[in-house]
Amino acid sequence: MTHKIFKHIPAIEYRGEDNDNPLAYNWYDAERIILGKSLKEHLRFAICYWHSFNWVGNDVFGEGAFNRPWLSNPKSHQAALEKLDAAFDFFNKLGAPFFCFHDVDIAAKADTVGELSENLKKISDPLIEKMKENNIQLLWGTANLFSHPRYMAGAATNPDPEVFKCAAYQVKNMLELTHQLDGKNYVLWGGREGYDTLLNTDIKQELDQYARFLSLIIDHKEKIGFKGQLLIEPKPCEPTKHQYDRDVSTVIAFLEKYDLIDSIKLNIEANHATLAGLSFEHEVANAIAYDVFGSIDINRGDPQNGWDTDQFNNDCKEMTLILTHILMDGGFKSGGFNFDAKLRRQSIDVEDLFIAHIGGLDVLAKALINASHIIEDKFLESFKNERYKAWNNKESQDMLSGKFSLEDIVENFNEPKIRSGKQELLEKYISIKT
Ligand code: XUL
Ligand code: CO
């Protein structure tokens, strides 16, 4: 069913490279086969419910600027149904195979966790219907454990065990609903699992609580037979001054310490990486190297602003590098690209919401095609193989596998021949390919 505010927008079609209609795809040809899979299967893109349907376009200085009729009465179930209609109409028009949501995005607004649970139950049947009717799947579900004031000092890491219980209740409900909806993943973003000042914070106590919380979720996942992947989404700060899951390496250390590493992978968000002072490419490559790569929240920051601006992705060179890493690793397993991106507050036309997603997806599609060329011509792969080649001989392999002691190793060595790292050559190659 077409929602009235999207009535004048057609289904978005692929029109090819030379298309100049902003409401059509130039690169995203869903069924085009690249390296044995369609673009749709490779990218597994998802629309996020929160920024696109549950946000009025306010900022810290200003009130809502967008026309989202269903948000004028947030406590009404009827309005939640209207939002569902609008969202699925939008997903359909874009040809989105997936979406993602928090409990509070989809249900009518509630004051208590009990009321939220009731509202969530009320919306779950209409939601199942919509997903079936439109053949749209859930990439991941999650619980919002950061907006309500009860979570101001953390959810799992709160000094008050009653808050821990409320958070557990919300996650239990959302994990079960995600299972019922055949969600491919369940995400945990620890928005307030951190601190604003160490004067009132016991880090060790809070880390123990967070680890217990995650263990309880892992056990419950097993108990209900949910086969989706649990994912932690690292972020260094905002809203707290410091968040415990600050970046990929920090999360790995935490998961290792508490023996949770086999049950959890990571959802990497571009703008969170840059907020941590790291590149998005580094975070993806690092997660792949440690075998914890799960999924992506795609967006970007603004180089002049030090906060999470959540803008739509538009850098084809950066996306090409990301997709080269992902494809070299065999592509997404349970994950995909979730557009965790929001419009600018001045983007008040309904078309803007479409154009933002079309643009983001076209950049990903073009980058995927570029990445396939990079993989096929093997220039980078051969360069790296050659660079590390000496590690393949028997002696080096024995050294790597621990056959020799430090004393054995230093018995026989030569002064090495130094070689160029060829960075400019490789950068030139990438510039030509993108
Ligand atoms: C916040 C953020 C969240 C998570 C889900 O920065 O990225 O939207 O993706 O809670
Ligand atoms: Co995110």
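**Ligand site and domain contacts**

Author: This is a predicted model. The residues around ligand 1 are W50, H102, W140, F146, W189, E233, K235, E269, H272, D297, D308 and D340.

Reader: How far is the polar side-chain atom of K235 from an oxygen atom of ligand 1?

Author: That distance is 3.0 Å.

Reader: And D308, what's the distance there?

Author: An N or O atom in the D308 side chain sits 3.1 Å from a ligand 1 oxygen. For D340, the side-chain N or O atom is 2.8 Å from an oxygen atom of ligand 1.

Reader: OK, switching topic. How is the protein divided?

Author: Into domain 1, residues 4-377, and domain 2, residues 394-433. Their C-alpha centres are 39 Å apart.

Reader: How many residues are in contact between domain 1 and domain 2?

Author: Five from domain 1 and four from domain 2.

Reader: What area is buried between them?

Author: About 470 Å². Carbon and sulfur atoms give 56% of that.

Reader: Which residues of domain 1 lose the most area to domain 2?

Author: K317, I374 and D377. Together they account for 68% of what the domain 1 side buries.

Reader: Salt bridges between the domains, how many?

Author: The count is one. The side chains of D377 and K433 form a salt bridge, 3.0 Å from N to O.

Reader: How many residue pairs are in polar contact between domain 1 and domain 2?

Author: Three, with both residues of each pair at pLDDT 80 or more.

Reader: Which helices supply the side of domain 1 that touches domain 2?

Author: α11 (316-328) and α12 (350-377) each supply at least two residues. α12 gives the most, with three residues.

Reader: How does that side split by class?

Author: The side of domain 1 touching domain 2 has two nonpolar, one polar and two charged residues.

Reader: Zooming out, how many salt bridges are in the whole structure?

Author: A search finds 20. One pair is K4 with E82, whose side chains meet at 3.6 Å, N to O.

Reader: Where do K4 and E82 lie?

Author: K4 is in the segment before β1 (33-34), and E82 is in helix α3, residues 77-94. So the pair ties together parts that are 78 residues apart in sequence.

Technical notes. Residues numbered from 1 in each chain as written. Chains lettered and ligands numbered in written order. Predicted model: local features only at pLDDT ≥ 70, side-chain atom pairs only at ≥ 80, totals over all residues. Heavy atoms only, no water. Domains from an automatic or database assignment. Contact = heavy atoms within 4.5 Å. Buried area = accessible area lost by both parts, 1.4 Å probe. Salt bridge = Lys/Arg side-chain N within 4 Å of Asp/Glu carboxyl O. Polar contact = N/O pair within 3.5 Å; in protein donor to acceptor, adjacent residues only side chain to side chain. Helix = DSSP H or I, 4+ residues; strand = E, 2+ residues; numbered from the N terminus. Nonpolar A, V, L, I, M, F, W, Y, C, P; charged D, E, K, R; others polar. Near = heavy atom within 4 Å.
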